[in-house]
Amino acid sequence: MTMNNTDLASTLLLQIPSSKTRVRLNHFARRGLINYLSCYLQGMEAVNIERFSQYFGTDIRRLGLTITTNLLSSSQRALLYGFVAHYLDLDDVQANFRGHPSAVIYSALLAVSNPNDRLEDLLWAYISGVEFAGQLGKLLNPNHAIQGWHSTGTIGSLAAAAAIGVYKHVTSSQLSAIISLASTQASGQLSQEGSDGKPLNAGFAARNAVCAYSLVSAGFSANRDPLANQNSWFSNLSQSPFNQQAWVTSWMHPGQIESPGLWFKTHAFCSAALSGYDAARQAWKEGIRFPDCNQIIVHYPPHRDAALTQTHPKMRLDGKFSIEYIIWQVLTKGDVHATDFANISLTSEEHEQLTHIVRRHDLPIGSPTQRPVSLELITKSKIFRFDVKVPHGSPENPLTDEEIINLANKSSEIHFETIQTLLNNSHQSITRLLTTINHEPEDIK
């Protein structure tokens, strides 16, 4: 009897990896976890987190990143963790997924963790969730994103559910049901950019996965094939069929977490703007300033700027999703800073200046691992062009481990070298990690 599509995916997810594969891919998962913890700690300092305290009826700042509190349920913790980790839009991205894997998957996994669970199992479950997200994203994107779906909320719900199933060592049939119940909840719209709705998409996705796991654990049933080529969640969203042979052949070869890999950010704005930012920084270093330019043209491949929905932002916060705003900031001041994305209005003069920056979609599409941009600056005497295909932080031009640690160290009083040492011994328990995050013991052996 032939397996249905979801049962095939579940079988692949539950395969026991070789020690060689686990060791190789754990490196990428550790980088993702360090980045996740850093983003969570920074997000927890944000003003709007206070609103969640009102929603839950308890001061969430004093909870820390915990798995032992009775004040919140596991699904509430997943919602909180996902929202906080994605709040500043500093968290990592995966190209095929076109979403934020760590904010969803790690949030869901930590929300269902037990004190004695091993970091090794947490890391592998995360790797499995990223694999599922990337494989599914290859089939759904770019049309999924072009249609206005936020993959973090949609694909992310299923990916986090898959990761929980791996983490909890469920059966294949249980995993298919968990993915199915996650799919019937999965949503998320890019139109939420610039509002609390966007980080809530990450929180909802993590919550959806935990809820699905809890319901199946309680004996609830579900349609067994949400990835079917007809009358399913997948077929409703996909323009390409689910090819079982392609999944089997490509699964963990080499691994979506490794190729196309994870993108890490140095600034709190949409990853689709990274190439344009790097190009603007090159222009600044060459001595070009915004007042020197009669016009600035940002050249993209078709639809590669779909996530940059704000062409003429009215609020500085919306500038996170505006290449025009980011380039204007760089060519005016040399860089962007956290204060540039405050929730305040632009002046009419500033808004008029942004109209001198326009987009064109005339570059070849190229590889999904790249974000090609050509920045054209037209001055009174000359035309300058700066081309960037692989911005700093992308898998082909990655941040070093030291850079990731240094960025994390800026986020809190915690010394992330301590976290890195702990993660290198992945036989440690989850409790050891969370105790370190919440209290930072002096020594880890």
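Reader: Through how many residues does a hairpin join S5 to S6?

Author: The model is predicted. Strand S5 covers residues 373–379 and strand S6 covers residues 383–388. They run antiparallel, with six bridges between them. The hairpin that joins S5 to S6 has a link of three residues.

Reader: Which residue in S6 is the bridge partner of Glu376?

Author: Six bridges join S5 to S6. One of the pairs involves Glu376, and its partner in S6 is Arg385.

Reader: How are helices H8 and H9 oriented to each other, roughly parallel or roughly antiparallel?

Author: H8 spans residues 154–167 and H9 spans residues 172–183. Their axes lie 8 Å apart, at an angle of about 155 degrees. Angles over 145 degrees count as roughly antiparallel. Therefore H8 is, relative to H9, roughly antiparallel.

Reader: What is the handedness of the crossing of H8 and H9, and how do the residues of their contact divide?

Author: The crossing is right-handed. On the H8 side, the contact has Ser157, Leu158, Ala161, Ala162 and Gly165. These meet Leu175, Ile178, Ile179, Ala182 and Ser183 in H9. By class, the contact residues are seven nonpolar, three polar and no charged.

Reader: Which helices do the buried residues of H1 pack against?

Author: H1 covers residues 5–13 and is mostly covered, with eight of its nine residues buried. Among the buried ones are Asn5, Asp7, Leu8 and Leu12. The buried residues pack against H6 (119–140), H8, H9 and H12 (244–250).

Notes: Residues are numbered from 1 along each chain as its sequence is written. This is a predicted model: local features need pLDDT of at least 70, side-chain atom pairs count only at pLDDT 80 or more; totals for chains, interfaces and linings use all residues. Side-chain values use heavy atoms; hydrogens and water are left out. Axes are lines fitted to C-alpha atoms, for helices over the stretch in contact, and angles run from 0 to 180 degrees between N-to-C directions. Helices (H or I, at least four residues) and strands (E, at least two) are DSSP runs, numbered from the N terminus. Angles under 35 degrees count as roughly parallel, over 145 as roughly antiparallel, 65 to 115 as roughly perpendicular and the rest as oblique. A crossing is left-handed if the near helix is turned anticlockwise from the far one by less than a right angle, and right-handed if clockwise. Contact means heavy atoms within 4.5 Å. Ala, Val, Leu, Ile, Met, Phe, Trp, Tyr, Cys and Pro count as nonpolar, Asp, Glu, Lys and Arg as charged, and the others, Gly among them, as polar. Two strands pair if DSSP finds at least two bridges between them. Buried means under 20% relative accessible area, exposed over 50%, partly exposed in between (1.4 Å probe, protein chains only).
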